[in-house]
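Work through the exercises below with the structure open. Each task is followed by a solution in steps.

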Amino acid sequence: MRTYVYTVTGVALASLLATVHSRRLPPPPPVKASGITDCNCASIRTTIRTPRPYCAPPVIKEHPSYTVARRNDPATLNCAASGSSRIRWFRDGEEVTTSSQEQRSHRVLLPSGSLFFLRVTATRRDSDAGTYWCVASNSYGATRSKNATLIVATLASNFQQQADSSIKVLVGESVTLPCRPPKGTPPPEVTWLRDGQQVTNSSRINVSDDGDLIITRAIHQDSAQYICRAHNAAGSRDASPSLLTVMTPPWFEEQPSNTSVASGVGVELACQARGSPTPTVTWRRLDGQMPLGGATIEDQQLVLQQVTVADSGVYVCKAESEAGVATARATLTVLDAPVLTQHPQHLQVMNGNESQLQCRVGGQPKPLILWRLPTLDRTAVLSPGHSSNHISVSDDGSILHLHQAAIQDSGTYYCWGINSGGGVSGRAEMVVVTALPPPVVGVGPRDMAVAPGGVARFSCEVVSEAAEASVTWWYRPAAHLPSRQLMHNTDQPRISLPENGALIIKGVRIDDAGIYICHVTATTGSIQQEAVLKVMKDTKPKESPLLLPPPSKPRILRFNQTTVQLSWLPNSQGSKAGHQWYVVEYWRQGWSEWRVTNAVITQESCVVSHLSPGHTYTFMVRAVNSQGASFPSPWSEPVTTRVPPHPGITTDQVRQARRRLARPLVSLTTATATAPDSVMLTWRFLNPMEDWVEGVLVYWMVEGGTVEVATVLVSSSTYHLHNLRPNTPYIFFLVPFWHSVEGTPSNSYHLTSPEDVPLTAPGNVRVTELEEGSVVIEWSSVSAEDAQGEVVGYMVTLSHNGSQVTETVDRPYLETRGLLPGHIYTVRVAALTGAGVGPFSAPVVLKGQGLSRAAAAGEVGGSVLYAPPQSEWLAYLLIPLVLLLLLGTVWYLWRVRHKAPPSSPPHVPVLYQDPSIIMYSDHKLWRSCENDKGPNLSSTQLVMPDQLLNEYAEPRVLQPNQTAEPYATTSLLAPSSQHTSWHHPNDESTGVRVNWAAMLPPPPACPPPDLDLGDPRQQRAPRTCSRASQYDNMGGTEHCGRSCNTSSEHTYEPCAQVAPSDRFLTFSSLQGCGSSSNVRVEYHLAHPVASPRSNTQ
């Protein structure tokens, strides 16, 4: 017997099947042995050895299962059965054709019965997809397996819907990235990738069932590249990437702030904007145009170069991006540094005359103009509206008046203009002289010869800087003949006198020959020059010579008591005039004309010597050549031959120092109040000036008041001012100096010093009686200078007998009501500012006569201080306090009423329960005054410090049905001869015996007489008080009339308790016995009584 066993595994199946079909193996012989069944296969005849326990249809051991296979991939549908002779496969109800039936088929029936697909196909003509089942059969029947679906997995290339390539969203918003995967079998699953990492669901991020990615409350970290991925058994597909940008609206990390700067400096307005994407920053101006050419943006900041007042305004920084727009604004205030719009001019003033210097300063804010006087006292500074001796300043500060100028007023006057933006300085030299230089003829008339009928022209140009001069012409036919004045006559138009002082004669005649005199007159003097006119036939007119231009104004280089050194510059127009030299003319007080130095000067400087000390000289220079002298130069500044005003330094050094100190060199940065009377100043130097700044002068002045100054060397940049006036507005500024030369002041700083407590107390405290028991206290207010601040109120103290009450009012008076009669009060008043309370005034005694009259009429109540209505906050404060007090009182009374009585033995001696009762014997009983409120009255009303008098209660007559009550005296420590001992019930067990007799006083030697009281049930007449106890402040006032009769050892007086005042002030004092009313009461005992057996009933 031959048994063929075929093992088919893997890819060898294809070659095996080819061999089987090409070479038919001989069929195995039939097996006849027991237990062997012959089986015939459709394609392969095999002998399957199976046991034959019983004869029945096959049993499916392994059913095919759901299978998904990719196209062109191999796949297997398993099927195994026992007892089967044949296995067939069906798809969708049709039998499957395998390779055994069709050689080209890609479906192979394996020996185990499984269906193997060499490659799964899925075309329109042939598709392996479908529902498969296998059928196992034998001679006894067939068995069908369960259905199994073979699905050919497919996945399209294109997504049905996908997100945009770029998506932008704001922070906090929600965004959805759509994704519809490609069509496929089975339906593909969708996942999302974020920068290559798979996205997991969270509270903010999740993938919907449709495949969309949903992000809620987006944050900046969500910005990334997102990819939608679809995958199934056929593979996976990735959608186009989507770049998600979560944008943050623009916000400012640094905003521009309001800035105040001086004109001419650079300004940077900061603006740092952040956001996502990075915003673009632009600047604009709300109330005008941006400065042209002077505004740039550097790193988002606005930079302005050399700002002016016109640049003041509101500037807006705008940050803009796709996420939104943010703006920030700032106000730029350009403080226009003061500018001299009118400089003060140098002056020569006659002694005793009035003069003025004008100086006008512009700027924003309006500058303060100050005048620095020419003295060594650096505090000699005048502010607007102030004066010093005969020098005064106008209200606006622009004019300095000199009334009756004196010689000592000569010097350099400085005009200072200061504001918070800077300072400016102008100076003028004023020379007060006893006389001024006379006028000078610059170009005088010259001799000439003119033919008859010609024109004669005589020049007479005058220079008079000290006073206005007038020119007149005179004619003299001959030297020995008198002269006559030439006048402009319309009837004779031949002679004309133009305004420049010249004389023109037209149509000259023979009789016009003679001497012509130019006469110049001024208040400072007079001068004349003459020329001869000849009238000759056949005379040709000569041209006037071309004169040299005048040199510049001579400067004073240095001087002493006898010598002055001058320097000047030649005129630029006269440099081509050839050889020239100079002549110096000078004048001093007392001379009637100018004099010429006897020296020919070829250089532009000279030294004039042999001058008289103590005189004021003025110089001028002329250029001279062969054609004649030029017009004179401007007059020099007057100089007095004396010791120089700046000893130790030359005039050149002074001039150079003035030039260096003319520009701003120091800036006052801060002024901080450290105390009510002190301020700390801080400054900085704008440019290092090396040796040209020795220090600064620190000026401070009360607005509209006096000026003070302190000198600080250049090594320091701070100064602490002391001894200032509190609550006073001050102006601070600095002036740099070098030796005695002062420079341009700095910017000013305004500060009001803090308040302080008043220096003095209110004065003239007086008391006026309004009515009985009421007075008004008045006083005078504290002056503004002594208040050192704003007076917000007054504190009034009312004192009496060691007690004091304080009231604060906002007006200079206080009304008091209901003062106790006959009492002495003292009143003191102090002013109150924001810094605290000032000193109190001297005590004023208050003792009103009307108070006693009010007391006698029974109108005296509690003491009350009444003040005018205060602010509403006082009512809001007092009402809750009163309500709390009332609630507390009600609670206390309720607690006292419901409080359980203390547990005590029934036989405790009465001394411990009712100190108002004492027993002397079996028949003498005493009872307290009817004003006592009950047996629980405190013993403090009877046992009082410093009270040595023995006080007894009035006798009481007991009725037959009443029980006597023992009563103790208040003089518990009085000596006694009684030796009766009482046993304390609580001490019986211990054997302690209390000797009460040792502590009780003896009975009075003179017991009260018997009085017939009548019906004791009738109400007794009320008793009045006429004596005040010194302890009335301790809860009540006892007024007992006590006899001054010393013959009796004991007196008896009725006592009445006066309820304490419900007012908040109560004062009393001890009164003498002589002012009391004596009341004596006699009692008659109607029935004898027995001593009580117990103190309780």
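**Exercise 1.** Is Phe 733 buried or exposed?

*Solution.* Begin with the cut-offs: buried means under 20% relative accessible area, exposed over 50%, and partly exposed in between (1.4 Å probe, protein chains only). Phe 733 has a relative accessible area of 0%, so Phe 733 is buried. The model is predicted: local features need pLDDT of at least 70, side-chain atom pairs count only at pLDDT 80 or more, and totals for chains, interfaces and linings use all residues. Residues are numbered from 1 along each chain as its sequence is written, and side-chain values use heavy atoms, with hydrogens and water left out.

**Exercise 2.** Classify the ring pair of Tyr 699 and Phe 733.

*Solution.* Rings of Phe, Tyr and Trp (its six-membered ring) pair if their centres lie within 6.5 Å; planes under 30 degrees apart count as stacked, over 60 as edge-to-face and the rest as tilted. The centres of Tyr 699 and Phe 733 are 5.1 Å apart and the planes stand at 5°, so the pair is stacked. Tyr 699 belongs to strand β62 and Phe 733 to strand β65, 34 residues apart, and the pair links distant parts of the chain. Strands here (E, at least two residues) are DSSP runs, numbered from the N terminus. Tyr 699 is buried too, with a relative accessible area of 0%.

**Exercise 3.** How many aromatic pairs does the ring rule give? Classify the pair of Trp 692 and Trp 738.

*Solution.* The count comes to 18 aromatic pairs. In the pair of Trp 692 and Trp 738, the centres are 5.1 Å apart with 50° between the planes, which is tilted. Trp 692 sits in the loop between β61 (678-685) and β62 (695-702), while Trp 738 is in strand β65 (residues 729-738), 46 residues apart. Trp 692 is buried at 15% relative accessible area, and Trp 738 is buried at 9%.

**Exercise 4.** Which ring does Arg 378 lie over?

*Solution.* A charge sits over a ring if NZ of Lys or CZ of Arg is within 6 Å of the ring centre and within 35 degrees of the ring normal. Arg 378 lies over the face of Phe 737, at 5.0 Å from the ring centre. Arg 595 lies over the face of Trp 591, at 3.8 Å from the ring centre.

Technical notes: Helices (H or I, at least four residues) and strands (E, at least two) are DSSP runs, numbered from the N terminus.
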